[in-house]
Amino acid sequence: MQRILNKFRGVYKVSVICAQPEEFLNLCARYNIAFWDVRRVNEAQLEMMVLRAGVKLLTRLEKYSGFEMNVIKSTGAAVLAGRLRHRYAFIGGMLFFIAMVWVLSMHVWQIDVYGNENVSDEQILAQLEELGLDLGTFGLSVDSEYLSNRMIMRIPELSWFAVNIKGSRAQVLVRERVAKPEIHDPDEPVMVVAAKSGVIEKIVTLEGTKILDRGNTVLQGDIIVSGIAENISGESRTVHASAIVYARTWYTISARLPGQSMVKEYTGKEKIKTALIIAGKRINFSLNSGIEWPDYDKITLERTIELPMGGILPVTFVTERYLQYEAKTVSITQQQAEELLMPELMQRLEEEIDGGEIADYSYETTVSGGGVTVTLKAECIEQIAQERKFTDSELAAAETETETENE
Amino acid sequence: MEQEKFANKLAQKLELPAESFSSAMKITLVSNFRAEIENHHGLIEFSDELIGVKGHDGIAMVRGQKLELEAMSDSRMLISGQISGVDIEVM
């Protein structure tokens, strides 16, 4: 603890030359000058550690006490402050720097948007800019309540909005309005039609009149269960047809790869450029800003200065790394093409049948025109029932038929 | 000197520490690595192997190796190092 305190108070290592070093130490004791680490260099010389206050006193005593003192080394905050005492420009610059950091840290230099899925960040930021919250806005002037009220009116998809200012960061929190669910009207007259072409494997009619049955071939859009049904007394009426229909469907999906492909081969040459972005203004440190290579990759790394307590400064260091490469043409073998395309084709099929079952499948590969084509042929069993509202003509015909029966 | 003797006797009679009424040096040794000297009257000798301290009624010579004067004030002194012995010479 004492050592740490001494670091602040300023510690000097001094060399003292005198006829009687013992007398000098007695003198220090008499004047209460704290010293330690005393080392006798020779008969007439001592080295020891003294505090800044002790050095001052010894300098005064030196004039009439018959010893010579030289400072060998000095450390500590007080010593440093003493050295800088007359460097007015340096002190002024430091104070200016601290003031600038303080002033800049009170402005918003980063806006993060959280909680949005359908409304884009850009849309929110554009509206905020119009309402006065942008990069560089004074943090204390941001009125969260005002912004919340205005933003909800301007973007109807938002149901809740809040802005928290933390240092130089503005944290924008939003909640989106939940879309009104589609209301299923059980009394609305609908038909059950085929969503895809195939052969019906299984059909369970829940409501309506079954038009097609197991083993029938259907084309996409064909009516499977009609929304016109007869009641017990034989009268026709429109109903909300409902059915579960499984059908055997067939797919042929192809994908093609050219016989040759371009790949990057890095030469090992690279260039690094640095720049500084201050409040949106970019300062390049590289004199020659052009890259003469025809092909290169560019990797950009941006680092923003962060202050404690969440503050950031509008200063970003940018490091751009350019890696030269040569574009090489390589041939793709049939096996490589198959390894690449087969999983992709299977994934496309699974997306297409959406939970259906793949009963059988096979791949075919053909090499033609300098390329490789892989075709997936699959037989699947899947649900194809889809509800469709009555068309106007169907509805009119159904009504006419009902009225005729009533007469 | 007479005063010193009287002070010692008084301390003995009152069952008080001897240094209570006396200005005699008090030397406290902590094993062989530290010596604290109180009521000293200054250094008379200082080196790595010998530190001589003047007292009211004599001198004390602290002998040893790598002796260091850790701290010193007007009345107290702290010596550290490998202390091999302390010689006291009463005048």
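Helices (H or I, at least four residues) and strands (E, at least two) are DSSP runs, numbered from the N terminus. The structure is a predicted model, in which local features need pLDDT of at least 70 and side-chain atom pairs count only at pLDDT 80 or more, while totals for chains, interfaces and linings use all residues. Residues are numbered from 1 along each chain as its sequence is written, chains are lettered from A and ligands numbered from 1 in the order in which they are written, and side-chain values use heavy atoms, with hydrogens and water left out.

**Exercise 1. Locate His184(A) and decide whether this residue is buried or exposed.**

Step 1: His184(A) belongs to the loop between strand 7 (169–176) and strand 8 (190–194) of chain A.

Step 2: The classes are buried (under 20% relative accessible area), exposed (over 50%) and partly exposed in between, calculated with a 1.4 Å probe on protein chains only. His184(A) has a relative accessibility of 52% and therefore counts as exposed.

Step 3: With contact taken as heavy atoms within 4.5 Å, and residues up to four places away in sequence not counted, His184(A) touches His240(A) and Glu387(A).

**Exercise 2. Describe the interface of chain A and chain B, and find which element gives the largest share of the chain A side.**

Step 1: On contact, 13 residues of chain A meet 13 residues of chain B.

Step 2: The area buried between chain A and chain B is about 1000 Å², with carbon and sulfur atoms giving 56% of it; buried area here is the accessible area (1.4 Å probe) that two parts lose on being put together, summed over both.

Step 3: Across this interface the rule finds 4 residue pairs in polar contact, both residues being at pLDDT 80 or more. A polar contact is a pair of N or O atoms within 3.5 Å, where within protein one must be able to donate a hydrogen and the other to accept it, and residues adjacent in sequence count only if both atoms are side-chain atoms.

Step 4: Helix 2 (21–30) and strand 2 (35–42) of chain A are the elements that give two or more residues to the side touching chain B, and the largest share, 6 residues, comes from helix 2 of chain A.

Step 5: In helix 2 of chain A, 8 of the 10 residues are buried, so this helix is largely enclosed by the rest of the structure. Among the buried residues are Phe24(A), Leu25(A), Leu27(A) and Cys28(A). After helix 2 of chain A comes Asn32(A), whose phi is positive, near 55°.

**Exercise 3. Follow the salt bridge between Lys196(A) and Glu382(A).**

Step 1: A salt bridge is a side-chain nitrogen of Lys or Arg within 4 Å of a carboxyl oxygen of Asp or Glu. The side chains of Lys196(A) and Glu382(A) meet in one, at 2.8 Å from N to O.

Step 2: This pair links distant parts of the chain, since Lys196(A) is in the loop between strand 8 and strand 9 (198–207) of chain A and Glu382(A) is in strand 21 (residues 371–383) of chain A, 186 residues apart.

Step 3: Lys196(A) is partly exposed at 22% relative accessibility, whereas Glu382(A) is buried, with a relative accessible area of 2%.

**Exercise 4. Find the nearest side chain of opposite charge to Asp112(A).**

Step 1: Asp112(A) is part of strand 5 (residues 110–114) of chain A.

Step 2: Lys and Arg count as positive and Asp and Glu as negative, while His and the chain ends are not counted. Asp112(A) is buried yet has no salt bridge, and the nearest side chain of opposite charge, Arg169(A), is 4.4 Å away.

Step 3: Leaving out residues up to four places away in sequence, Asp112(A) touches Arg169(A), Ala170(A), Gln171(A) and Val172(A).
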